[in-house]
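Here are a few quick notes to read alongside the model. Take them one at a time, with the structure open.

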Amino acid sequence: MLLSGTVVVDAETVIHDGGVVVENDRIVVVGDRSTCLEQYPDHERDSYDLLAPGTVGAHVHSVQSLGRGIADDTELLDWLFEYVLPMEASLSPEAMRAAAELGYLEMIESGTTACIDHLSVAHAGEAFEAARALGIRGRLGKVMMDKEAPPGLLEDTDEALAESERLIQQYHGVDDGRIQYAVTPRFAVSCTEDCLRGTRELADAYDGVRIHTHASENRGEIQTVEDETGRRNIHWLNEVGLTGEDVVLAHCVWTDESERELLAETGTNVTYCPSSNMKLASGVAPVLDYLDRGINVALGNDGPPCNNTLDPFTEMRQASLLQKVDRLEPQALPAQTVFEMATINGARAAGFDRVGTLREGWKADIIGLETDITRATPLHDVLSHLVFAAHGDDVQFTMVDGDVLMRDGDVLVADAAAIRSRAREFAADLDAAP
């Protein structure tokens, strides 16, 4: 396939009147449109105003999609234990499948081609099957909770680890590596030391498996961990093996100097979730400090109950503006840096090789956007538009691994209307209230 338009290769390179040639799952040429047409005159053709790398949602909760709007204006731990966890516990396998499909559908429709997905304790296989069917690139993980969990989610430690291993054996690396696994303890508050240490042992036992958990999102969480362990959160996670280049820590809002040094020394990945942090009044993550230390910072939406959208463009805008107002520096987190966080940094955190830019030999994960709209007029700077003005519903084309998932705004890999209808039916029966 030969795609043409203004090509955003990465955060530094834009080719006006450009072309991208795709064969199988790879990009084979990126360059001027005329050159691509000369070299590949017989390829199927399609054109969009803007072509860009698909974004990477480096911390999402697809299976919370049925709970969009159920717990607005609520503090984090109340939000989690009184609303969201009871909602997750109430989901049947069929409802879990519907929730995951809804989450992945929203990603496809709004320009997210890859994600690191924090699922739930039960029925995680339903989400893996949904990801496979809809064609999203995903690093998914069953949640583990072996303490401080509501009925329906509390697990025996050994059983939690055994189920995680079964899912690794079943799904890690399937579909030519498009689906991969992350061992996923929910957070230190709800996991015993044995569970956390078992997480590291399990990840080390399988090549390419990573670790994904929440950390230091809320001051109450940090105090709980310190009361129980005598250590601040990041130091405790480091002691039990949950730091390193194969670890993704979501949020990291409240860290001190020693914890930031530790994150940098260990090469641990951090995912910044600005909309969630604002909505739950968790605070402002010290993203500029992390970047200055060389820490890889990716971007995530978190879950629909605390965002309430999986739109990556909204998240890019919020990411930059929140840092600017927090630091009182208009230069803080410019568009180029935010775009890198949403693409190549996210791919690096997820451990997806050759994903996150439009380069020859890299995976064909590509989105196409329209700009013949008032909000894009005039368009002085393409990167500025993508970060500060674009919306997910501007996306008209989504390709993952060379497969077209959406063309001209029509999803090709699923019946979008049917997914929305099933989601409404299951959402009507949610057990989400305290």
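Before the points, a word on labels: helices (H or I, at least four residues) and strands (E, at least two) are DSSP runs, and their numbers count from the N terminus. Also keep in mind that this is a predicted model.

1. Start with Asn301. You'll find Asn301 in the loop that runs between strand S13 (297–299) and helix H12 (312–327). Asn301 counts as buried because its relative accessibility is 4%, and buried means under 20%.

2. What does the side chain of Asn301 contact? Its partner is the side chain of Glu315, in a polar contact at 3.2 Å.

3. Now go to Asp10, in the loop between strand S1 (2–8) and strand S2 (14–23). Is Asp10 buried or exposed? Asp10 has a relative accessible area of 14%, so Asp10 is buried.

4. Have a look at what the Asp10 side chain does. A polar atom of that side chain lies 2.9 Å from the backbone nitrogen of Glu12. The side chain of Asp10 also reaches the backbone nitrogen of Thr13, again at 2.9 Å.

5. Asp158 has a relative accessible area of 59%, and exposed means over 50%, so Asp158 is exposed.

Terms used. Residues numbered from 1 in each chain as written. Predicted model: local features only at pLDDT ≥ 70, side-chain atom pairs only at ≥ 80, totals over all residues. Heavy atoms only, no water. Buried < 20%, exposed > 50% of the residue type's maximum accessible area, 1.4 Å probe, protein only. Polar contact = N/O pair within 3.5 Å; in protein donor to acceptor, adjacent residues only side chain to side chain.
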